[in-house]
Amino acid sequence: RIEKNIQDSKSNLFYDSLMTRYAAGDSTLNTEEKRHLYYGYTFQDAYAPYAFSSYRDSLATVLNQERLDTAAFELIIQYTDVMLSENPFDMRALNYQLYSLEQIGNFEAFNIRVEQFSAILDAIISSGYGTSKEEAFYVISTSHEYEMLGILGFEFGGQQSLIEHYDYLTLKENNAELEGLYFDVSPCLNSLKSMF
């Protein structure tokens with residue numbers, strides 16, 4: 001249904017329009033639009049869930065500095081800008097950029113990135129609870145699983161299992177008394193299959 005909807009140029013769910021609004025940090029995107037934006041990305045040519053940015057190592061070098069100053073934050077922003085141009089739903093790059101923008105006081109750009117991060121998060125949260133296969137969080141990247149753990153206040157318990165088309169991640173002891181969370185990774189697996 002999403003694949004069909006995002007192709008209708010007269011619809012509010014047309015993909016190019018959604019991506020333009022996302023890029024601008026539009027806070028008026030509703031849940032349906034956020035879902036079409038996030039999950040609709042899997043039908044775009046640029047979708048590559050297992051690709052790594054060539055800037056990942058450069059970013060890691062800066063992040064590993066003992067002390068981050070304004071120049072370092074500017075570099076982080078520069079590298080993550082490129083990473084986000086390659087993959088607009090890279091939650092880790094968004095996180096690093098949000099921190100850096102806040103540190104240098106660029107709140108205009110910060111607010112746009114907050115809206116983008118929220119759009120991704122809202123789409124994933126709207127897909128389930130993660131407590132069973134039937135209620136699995138539906139993600140378009142396995143890296144989003146680990147981002148979600150932190151956002152939900154959990155720590156990875158060290159074990160990851162692929163059960164059918166679900167990733168099951170164990171959790172460290174937590175107040176919710178959950179042993180693990182389920183993530184439906186169908187888009188990632190489908191992308192992998194199409195490569196062979």
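Colleague: Tyr 168 and Tyr 182, are they buried or exposed?

Modeller: Both are buried. Keep in mind that this is a predicted model.

Colleague: Where do the strands pair, say β2 and β3, and in which sense?

Modeller: Strand β2 covers residues 156-163 and strand β3 residues 166-171, and they pair in the antiparallel sense over five bridges. Ile 163 has Tyr 166 in β3 as its bridge partner.

Colleague: How many residues sit between β2 and β3 in the hairpin?

Modeller: Two residues. Glu 164, in the turn, has a positive phi of about 60°.

Colleague: And β3 to β4, how many bridges?

Modeller: Five bridges join them, and they run antiparallel. Thr 170, for instance, has Gly 180 in β4 as its bridge partner.

Colleague: Which way does β1 run against β4, parallel or antiparallel?

Modeller: Parallel: strand β1, residues 137-138, is joined to β4 by two bridges. Phe 137 stands opposite Phe 183 in β4.

Colleague: How many residues of β4 are buried?

Modeller: Five of its five residues, 180-184, are buried. On one side are Gly 180, Tyr 182 and Asp 184, and on the other Leu 181 and Phe 183, so both faces of the strand are covered.

Colleague: Switching to the core. Which residues have the most contacts inside the largest nonpolar one?

Modeller: Tyr 22, Tyr 38, Phe 89, Ile 120, Ile 124 and Phe 183, in a core of 47 residues.

Colleague: What is Phe 89 in contact with, leaving aside its neighbours within four places in sequence?

Modeller: Its contacts include Tyr 15, Met 19, Leu 37, Ile 140 and His 144. Phe 89 also belongs to a cluster linked by ring pairs, together with Tyr 22, Tyr 38, Tyr 39, Tyr 41, Tyr 47 and Tyr 138.

Colleague: How many aromatic pairs does the structure hold?

Modeller: The structure holds 12. One of them is Phe 73 with Tyr 99, edge-to-face, at 5.8 Å centre to centre and 70° between the planes. Phe 73 is in helix α5 and Tyr 99 in helix α6, 26 residues apart.

Colleague: Is Phe 73 buried or exposed?

Modeller: Phe 73 is buried, because its relative accessible area is 7% and the cut-off is under 20%. Tyr 99 has a relative accessible area of 45%, so Tyr 99 is partly exposed.

Key:
Residues numbered from 1 in each chain as written. Predicted model: local features only at pLDDT ≥ 70, side-chain atom pairs only at ≥ 80, totals over all residues. Heavy atoms only, no water. Pairing = 2+ DSSP bridges. Helix = DSSP H or I, 4+ residues; strand = E, 2+ residues; numbered from the N terminus. Core = buried A, V, L, I, M, F, W, Y, C linked by side-chain atoms within 4.5 Å. Buried < 20%, exposed > 50% of the residue type's maximum accessible area, 1.4 Å probe, protein only. Contact = heavy atoms within 4.5 Å. Phe/Tyr/Trp six-rings, centres within 6.5 Å; stacked < 30°, edge-to-face > 60°.
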